[in-house]
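Here is a short report on one protein model. Have the sequence and coordinates open as you read.

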Amino acid sequence: MRNSSPVLRSGLTVAAAAALPLFPAALPAVAGPGISVRTTGSTVSVTTSSCTQINGSWGSASLLTSSQGSFAQGRQVTLSGTQVSQSAAWSGVSPGTYTVIVVCSDGTTAGTQSIVVSTAPSPTRSPSPSASPSRGVMGGVGGSSTDYGTVTLVAGGTLVGAGLLATAWYLRRRNKPYRL
């Protein structure tokens, strides 16, 4: 009976793997080239690599507010760029939710993406620096001010894991009676 369990498990695994192509919704969708939209303060920029140049034009992009429904109603900007990447930008955009649509010069839509432009954080006054004490510890900086790299974190995790394993081994050996 013990030998049938691994066979049964491997049979179920093979059956599940064979059923995956039958359910395309379970597989992750492959994203096309599309567009990439970013905000920096009150500036919205869009980048794509989907358009081709026709008669000296790459196409145009439109920034629509939530009340606008078509490409023509938005703030339109002509795409500029190279064969590798085309881009457009809008400055002075007020806070709110917008939709960016890019239409290539051949009439195809390169992509549509919604973006939220938030208010710029207001500058805050920082307290003036005070003179450091002549003696004593400068508290407040702590160890959190250093950004440790991946290698340091992995090495630390390995040391912690080794310590846990050594502790478990020691306690297990301690519980066993001595055998002669």
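## Basis

This is a predicted model: local features need pLDDT of at least 70, side-chain atom pairs count only at pLDDT 80 or more, and totals for chains, interfaces and linings use all residues. Residues are numbered from 1 along each chain as its sequence is written, and side-chain values use heavy atoms, with hydrogens and water left out.

Helices (H or I, at least four residues) and strands (E, at least two) are DSSP runs, numbered from the N terminus.

Four strands make up an open sheet, ordered 4-3-7-8, with antiparallel pairing. Strand 4 (75–78) and strand 8 (109–117) are the edge strands, each pairing on one side only. From one strand to the next, the twist averages 20°. Here axes are lines fitted to C-alpha atoms, for helices over the stretch in contact, and angles run from 0 to 180 degrees between N-to-C directions. Two strands count as paired if DSSP finds at least two bridges between them. Strands of a sheet pair through backbone hydrogen bonds, either parallel or antiparallel.

Strand 3 and strand 7 are antiparallel, joined over seven bridges. Within that pairing, Ala61 sits opposite Val102 in strand 7. Strand 7 (residues 96–104) also pairs with strand 8, antiparallel, over eight bridges. Thr99 faces Ser114 in strand 8. Gly96 is opposite Val117 in strand 8. The hairpin of strand 7 and strand 8 has four residues between the strands, and Gly107 there takes a positive phi near 95°.

## The disulfide

How many disulfides does a search of the whole structure find? It finds one. The term covers a pair of cysteine sulfur atoms within 2.5 Å. Cys51 and Cys104 form the bond, with their sulfur atoms 2.0 Å apart. The pair links distant parts of the chain: Cys51 lies in the loop between strand 2 and strand 3, Cys104 in strand 7, 53 residues apart.

The S-S torsion of Cys51 and Cys104 is about -75°, so the disulfide is left-handed. Cys51 and Cys104 are both buried. Buried means under 20% relative accessible area, exposed over 50%, partly exposed in between (1.4 Å probe, protein chains only).

## Gln86

Gln86 belongs to strand 6 (residues 86–90). Its relative accessible area is 0%, so Gln86 is buried. A polar atom of the Gln86 side chain lies 2.8 Å from the backbone oxygen of Thr82.

Leaving aside neighbours within four places in sequence, Gln86 is in contact (heavy atoms within 4.5 Å) with several residues, including Cys51, Trp58, Leu79 and Val46.

## Asn55

Is Asn55 buried or exposed? At 81% relative accessibility, Asn55 is exposed. Asn55 lies in the loop between strand 2 (43–48) and strand 3 (59–65). Its phi is near 55°, a positive value in a residue other than glycine. Most residues other than glycine have a negative phi.

## Helix 2

Helix 2 (residues 150–175) has 26 residues. From first C-alpha to last, helix 2 reaches 38 Å, close to the 38 Å expected at 1.5 Å a residue. The expected span is 1.5 Å times one less than the number of residues. Helix 2 is hardly covered: among its 26 residues, the count of buried ones is zero.

Key: A polar contact is a pair of N or O atoms within 3.5 Å; within protein, one must be able to donate a hydrogen and the other to accept it, and residues adjacent in sequence count only if both atoms are side-chain atoms.
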